[in-house]
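User: I am learning to read protein models and would like to go through one feature at a time. Could we start with how a side chain can meet the backbone?

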Amino acid sequence: MGLTRKFRLPSQAARIARNGDHIQIDAGEYRDCAVWRANNLILEGIGKYAHVRDATCQEEGIWIVLGGHTTVINIEFSGAHVTANNGAGIKFRGGGVLIVRNSYFHDNENGIMGGNKPQARVLVSNSRFERNGKCEPDCAHGIYLGHIQTLKIVGSKFIGQMVGHHIKSRALNTVIIGNTIRDGPKGTASFAIDLPNGGTATIRSNFIQKGPRSENHMAIVSIGEEGATNPSRGIIIEGNVFMNQNAQL
């Protein structure tokens, strides 16, 4: 689909999508939101990013994902803002698997957000999150996943989130490997990584920088500050590089 094709907008494709479809979206800008209900979908931008922006569905997100297994590839999300101040590039409401690859989330309230789905799994790889976040009054983040089974983030970049955390996970198992997480000179993020309910975690081989404008002077990584209610098979933090440029930390 694309601006010169029969189906010009992602929302049009979403309305007719069937289980197992591979939907290709031409590079370009789409001021449009979509609700994806079918299972086993592949949603792929072709060429440069397919950029969906400045529209939200159901006061939740630019794309709302309800399906059981959805893969998002090469999509750019920006300008997700809603009345409750927690709009998301992707709002994941499905109970299965969400895979996000080679995608870009910027200037949203949340990059990716998902609620409590105990069997759900989210994998993010080779993606970029920049200038997401807000706290009015509750906080939004680069990535925020509720009580799910697994959140895995590999080979991605988190740059200059605002006020909220770069990564917040209530998952039973959180894996964060080989990423760059930087406040930079202007970012005001709170924690780089927040696992407020504990759980099993692997944080390995990341570069993490706490910037001079960070609004939280307590820590770079926080685990269990709301009560370690998730069962844990252990926490591994190894091979990371931490840089502190916040004089009050």
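Analyst: In this predicted model, the side chain of Asn-110 comes to 2.8 Å from the backbone nitrogen of His-141. Asn-110 itself belongs to strand β10, which covers residues 110–114.

User: Is Asn-110 buried or exposed?

Analyst: The cut-off for buried is under 20% relative accessible area. Asn-110 has 1%, so it counts as buried.

User: Which residues does Asn-110 touch, not counting those up to four places away in sequence?

Analyst: The list includes Asn-86, Gly-87, Ala-88, Gly-89 and Asn-132. It also holds Ala-140, His-141, Gly-142 and Tyr-144.

User: How do I read strand pairing?

Analyst: Strands of a sheet pair through backbone hydrogen bonds, and the pairing is either parallel or antiparallel. Here, strand β7 (residues 88–92) pairs with β10 in the parallel sense, over 4 bridges. Within that pair, Ala-88 stands opposite Asn-110.

User: In what order do the 8 strands of the open sheet come?

Analyst: The order is β2-β4-β7-β10-β15-β18-β21-β24, and the pairing is parallel. The edge strands are β2 (34–36) and β24 (221–223), each of which pairs on one side only. On average, neighbouring strands of this sheet are turned by 10 degrees against each other, direction ignored.

User: Can we look at a residue from another strand in that order?

Analyst: Take Ile-193, in strand β21 (residues 193–195). Its relative accessible area is 0%, so Ile-193 is buried. Leaving aside neighbours within four places in sequence, Ile-193 is in contact with Ile-167, Ile-176, Ile-181, Ile-203, Ile-208, Ile-220, Val-221 and Ser-222.

User: One of those was Ile-203. Which residue in β25 stands opposite Ile-203?

Analyst: That is Ile-237. The strands concerned are β22 and β25 (residues 235–238), which run parallel and are joined by 4 bridges.

User: What does the side chain of Thr-174 join in a polar contact?

Analyst: The partner is the side chain of Ser-169, at 2.7 Å. Thr-174 lies in strand β19 (residues 173–177). With a relative accessible area of 2%, Thr-174 is buried. Not counting residues up to four places away in sequence, Thr-174 touches Leu-151, Ser-169, Leu-195, Thr-200, Ala-201 and Thr-202.

User: What should I look for in a nonpolar core?

Analyst: In soluble globular proteins, nonpolar side chains tend to be buried together. In this model the largest nonpolar core has 48 residues, and Trp-36, Trp-63 and Ile-112 touch the most other members. Strand β3 (residues 41–53) gives the largest share of this core, 4 residues. Apart from this core lies another, of 5 residues, among them Val-35, Ala-55, Cys-57 and Ile-64.

User: Which residues does Trp-63 touch, not counting those up to four places away in sequence?

Analyst: Among them are Pro-10, Ile-25, Ala-34, Trp-36, Leu-43 and Val-52. Trp-63 also touches Val-72, Ile-75, Phe-77, Gly-89, Ile-90 and Lys-91.

Definitions and conventions. Residues numbered from 1 in each chain as written. Predicted model: local features only at pLDDT ≥ 70, side-chain atom pairs only at ≥ 80, totals over all residues. Heavy atoms only, no water. Helix = DSSP H or I, 4+ residues; strand = E, 2+ residues; numbered from the N terminus. Buried < 20%, exposed > 50% of the residue type's maximum accessible area, 1.4 Å probe, protein only. Polar contact = N/O pair within 3.5 Å; in protein donor to acceptor, adjacent residues only side chain to side chain. Contact = heavy atoms within 4.5 Å. Pairing = 2+ DSSP bridges. Core = buried A, V, L, I, M, F, W, Y, C linked by side-chain atoms within 4.5 Å. Axes fitted to C-alpha atoms, helices over the stretch in contact; angles between N-to-C directions.
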